[in-house]
Amino acid sequence: MKISLPVESILNTKQFTFGVATASFQIEGAAESRLDCIWDTFCATENKIKDQSNGLVACDHINLWQQDVELIDSLGVDAYRFSVSWPRVINRDGSLNQQGVDFYIGLLDRLIEKGIKPFVTLYHWDLPQFLEDEGGWLNRQTAFHFRDYVELISQAFGDRVYSYATLNEPFCSAYLGYEIGIHAPGKVGKQYGKKAAHHLLLAHGLAMQVLRKTSPKALNGIVLNFSPCYAEKDTAEDRAAAQLADQHFNQWYIRPLMEGRYPDIIEQLPELHKPDIEPGDLAIIAQPLDYIGINYYTREVYKADAKDGFANVEKTIMPLTEMGWEVYPQGLTDILVSLHQRYQLPPVYITENGAAMADKLENGQVNDVDRVAYFDSHLNAVNQAIEQGVNIQGYFAWSLMDNFEWAEGYEKRFGIVYVDYVSQQRTIKASGLAYKDFVSQRHDTTRSTSSY
Ligand code: FCB
C-alpha cells in the first residue's frame, strides 16, 4: 500500500511543504518543570478522561526531544508543527521562564540545523491554570495576557521561527471547553461558548499585531478546524439544518477573521448567549493573515430539529475510524472549495489531517494499511481542491507519534510512529514509511503531462 498522486500534481514536487504535527500537552510530559494548565486540572478531575490518564509523562518528549528530531529528520519531511506550552515559558508574574524558553530554543536550533522548517503554534489548549482561576477565556483580560506572552516569546525566539499560528482550533477551546464541557476547563452552558470564542479571536488579533512587529519575516496566521456540514436528506428542512450548524461551528470562526463580522445568526441569539463585543474588536480580529491553517478529520451530517434547529445524525456509513469518525475525503475537497468561493483566502496549509486506527505492534512492526489508505485518499482530496483553484501550500500529518488524545486519553492512536508508553520506544508504522516514501520521491518542479 502506497500513497500516490496524479503524476502532474504539485504534491509530487518540493514546492509543496510536507510536515508532521504535535502539540505540547499531548507529547511533552515533564509537568513538574512548568506551571499547571487547565488540562492538568481537568485530568485530575474524576471521569473526565476515558482511561483516567494525564499529561504528566505523555511521550516524555522534554527528555527525548533530540531523538524525536532525529526521527522527524529520518522521515524526510520539510517541516515540523509543534506548540509552545504557555505555562512552561511564562511565570506567574508574566515574566519569561528562561528554562522553558531554552528548551524551545534548543529544539528550534536543531530543527533549523537539519533544514526542517519550524511551524510554531502559540496556543494549543494548555491555558495556565492561574489564568483560568481568573475566568480563563471568559475573561477579556486573558486575550491581553496572551498578547503579552506572544510578545515576549516571539522576541525570545528571534528569527528562528518559519511560521507562527496564534491559536489552534478556537472552536474546540470555546465550544468543547466552555459550552459542552467535554474538554478543559469543562464549563457547560450556552451562555459561555460564544463569549469564550470572542475572547479567543480577540487574542488572535492582538497577537497578529504583535507578530507583525516582532516576527515580520515569519508566516503568521491561525489554525481553524472544519467539519463540513451535510444534510441527512435532500429536503429544505435538513438543508437548512446543515446550514445552521455550519454557521455555528465553522463560519462563526472564519467569517470574523476574513470579513470582520460574525454570521448573521448572531442577531437571533438570545441576549445571554451573545459575545461581549466592544467597539473596535472586530477590526482587531480581522487582521490580514499570511496564511490560514485548516485542520480536517471528518464531516458531520445533520437533520432538522424542533428544539435547536439542527441535530447531529449518528454515523452509520463505514468505514469509521477508532474515534467513530467517518472516513470522508470528499469533505476535505468540499470544504476547501467552498471556503475559497466564499472568502478571499490567504494561502492555505492543511495543518492537521489523520486518523486513529486500531494499531497493533507485532514483531516490531505496525501494519496500519487503513491509515495509509486514509492519507492517500485525503492527499488526493487536497490535490482535487488545488485543481479547482484553491491555493494550498502544504500538508501536515497528525500526528508525528501516538500521544495523549485529550478526553480519549492514550487509547486512541493517531501517530505515524507508534509509542510504547512503558518503554517510550518509538516504532515507525507502515503509514510513516509510506509517508516517507512519498515525500522522498518528490521532484523539483511540476511535470507537464502535455506532449510537445
Ligand atoms: C485536533 C487537535 C489535535 C488532535 C486531533 C486528533 O482537534 O488539534 O490536538 O487531538 O484533533
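**Ligand site**

The residues around the ligand are Gln26, His124, Trp125, Asn168, Glu169, Tyr297, Glu352, Trp398, Glu405, Trp406 and Phe414. The model is a predicted one.

- The side chain of His124 places an N or O atom 2.8 Å from an oxygen atom of the ligand.
- Asn168 has a polar side-chain atom 3.0 Å from an oxygen atom of the ligand.
- For Glu405, the distance between a polar side-chain atom and an oxygen atom of the ligand is 2.6 Å.
- The ligand taken alone exposes 300 Å², and the protein buries 95% of that area.

**Barrel**

- Eight strands close into a barrel, and their order is E1-E2-E3-E4-E5-E7-E10-E11. The pairing in this barrel is parallel.
- From one strand to the next, the twist averages 25°.
- Strand E1 (residues 17–21) and strand E11 (residues 392–398) run parallel and are joined by five bridges. Val20 has Ala397 in E11 as its bridge partner.
- Helix H8 (residues 170–178) lies across strand E4 (163–168) and strand E5 (219–225). The direction of H8 is at about 40° to E5.
- Helix H10 (residues 236–259) lies across E5 and strand E7 (291–295). The direction of H10 is at about 160° to E5.

**Open sheet**

- Three strands form an open sheet in the order E6-E8-E9, with mixed pairing.
- Why is one side of strand E6 (229–231) and of strand E9 (311–312) left without a neighbour in the sheet? E6 and E9 stand at the edges and each has a single partner strand, so one side of each lacks a neighbour there.
- Strand E8 (residues 300–303) and E9 run antiparallel, joined by two bridges. The bridge partner of Lys303 in E9 is Ala311.
- Helix H10 packs on this sheet and touches E6 and E8. The direction of H10 makes about 170° with that of E6.

**Hairpin**

- Strand E12 (417–420) and strand E13 (residues 425–428) pair in the antiparallel sense over four bridges.
- Asp420 has Gln425 in E13 as its bridge partner.
- E12 and E13 form a hairpin with four residues between them. In the turn, Gln424 has a positive phi of about 60°.

**Aromatic pairs**

- A search of the whole structure finds 45 aromatic pairs.
- One of these is the stacked pair of Phe25 and Trp406, with 6.1 Å from centre to centre and 15° between the planes.
- This pair links distant parts of the chain, with its two residues 381 residues apart. Phe25 is in helix H1 (residues 24–27), while Trp406 is in the loop between E11 and E12. Trp406 is also among the residues around the ligand.

**Backbone features**

- Most residues other than glycine have a negative phi, and most peptide bonds are trans. The points below concern residues that depart from this pattern.
- The peptide bond from Ala184 to Pro185 is cis, with omega near 10°. Pro185 is located in the loop between H8 and helix H9 (190–214).
- A cis peptide bond also runs from Trp398 to Ser399, with omega near 10°. Ser399 is in the loop between E11 and E12, and Trp398 is one of the residues around the ligand.
- Gln52 is not a glycine, yet its phi is positive at about 60°. The position of Gln52 is in the loop between helix H2 (38–43) and helix H3 (61–74).

How values were computed
Residues numbered from 1 in each chain as written. Predicted model: local features only at pLDDT ≥ 70, side-chain atom pairs only at ≥ 80, totals over all residues. Heavy atoms only, no water. Pairing = 2+ DSSP bridges. Axes fitted to C-alpha atoms, helices over the stretch in contact; angles between N-to-C directions. Contact = heavy atoms within 4.5 Å. Near = heavy atom within 4 Å. Polar contact = N/O pair within 3.5 Å; in protein donor to acceptor, adjacent residues only side chain to side chain. Areas by Shrake-Rupley, 256 points an atom, 1.4 Å probe, with all protein chains shown as cover. Phe/Tyr/Trp six-rings, centres within 6.5 Å; stacked < 30°, edge-to-face > 60°.
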